[in-house]
Amino acid sequence: MKALILKGKNQPLELGTTDKPEPKTEMVLVKITAAALNHRDVWIQKGLYAGLKFPIILGSDGSGVVEDTGDNVDRELIGKEVIINPSIGWGDDENVQSKNYKILGLPDDGTFAEYVVVPKQNVAPKPPHLNFYEAAALPLAGLTAWRALFTRAECKKGDKVLITGIGGGVALFAMQFALAAQASVFVTSSSDKKIEKAIHLGASGGVNYTKENWDKNLLEQHGMFDIIIDSAAGKDFSKLIDLAKPGGKIVCFGGTAGNIIDLSPQKIFWKQLSILGSTMGSPKDFNNMLSFVNQHLIRPIIDIVFPLERGQHAMDRMSNKEQFGKIVLQVHQ
């Protein structure tokens, strides 16, 4: 089969051929129609991720058709249009993933290929209102956004939500989900154009975090927030403490800006703040996310679709932070 293969740190994705995988018991073989990129793929390529192994087929997100099963029990799955839940082996505790937890695309080969094998419980019916490209864009980012916004922050109607770094997949899903839940949403970005796009999609306002006193300006213009969803951390995280309402919740699901510094414990305890970590999500989270997407007919925002052979161009676009929405690879037509 054709696949994009990463052979080492800082190496380009190479289109090559490899053996078509065979499903074992309790597994299914999915013929991939579309796959989507995540920042995780970029970090792995740059060697900035734990548990690296090479060669590896990246890709956590995918949609397609079940072609085969590893036993005769689930033959009714063959021919079904599905999306893949990349969150594998969560475990029995809804509060935290198990020690055996892993994400598709490392250590196991992922979706940047014509075929992939996954546990049968990790496929779900493709939402009927979505095409394969939109469906491929949903799983990892949608699941991460869902858990951060609803399972951890318990977002509800009327909440005032701030989402940092709008333009990335998780941030956009968090915005779409919050708006569907009838919360008001504000955003930050380093791009005025991305802020304008977010407002066009329903955000109430936003600020450019590269500008001086962005946090003070946001506070003066829009006040404090019930919920803040952040993917950056870094030196600006302390500013989120001032932007949070007393009793507010700050959820961190990434650290692209580095370690958190200069936090004031006095502000945290006096304001009764909750600072919450969040990673991916459980099968329950995934099913709830899918139900919500189906109920509200939410459509993922697609930045651009590349053919599989232009996979490295897709990675470059993500690495350069040029995207607004999900970058998708067309694998099969």
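The following dialogue explains some terms applied to this predicted model.

Modeller: The model is predicted, with local features needing pLDDT of at least 70, side-chain atom pairs counting only at pLDDT 80 or more, and totals for chains, interfaces and linings using all residues. Residues are numbered from 1 along each chain as its sequence is written, and side-chain values use heavy atoms, without hydrogens and water.

Biologist: Why is Asn10 called exposed?

Modeller: Exposed means over 50% relative accessible area, buried under 20%, and partly exposed in between (1.4 Å probe, protein chains only). Asn10 has 57% relative accessibility, so the residue counts as exposed.

Biologist: Why does Ala233 count as buried?

Modeller: Ala233 has 7% relative accessibility and therefore counts as buried. Its phi is positive, about 60°, although Ala233 is not a glycine.

Biologist: Why is Leu263 called partly exposed?

Modeller: Leu263 has a relative accessible area of 34%, so the residue is partly exposed.

Biologist: How do you know that the radius of gyration agrees with that of a compact globule?

Modeller: The radius is taken over C-alpha atoms, and the globule rule is 2.2 Å times the number of residues to the power 0.38. For 333 residues a compact globule would have a radius near 20 Å; the protein has 20 Å, so the two agree. The C-alpha trace spans about 60 × 40 × 40 Å along its principal axes.

Biologist: Which peptide bonds are cis?

Modeller: Among them are the bond from Phe54 to Pro55, with omega near -5°, and the bond from Leu106 to Pro107, with omega near 15°.
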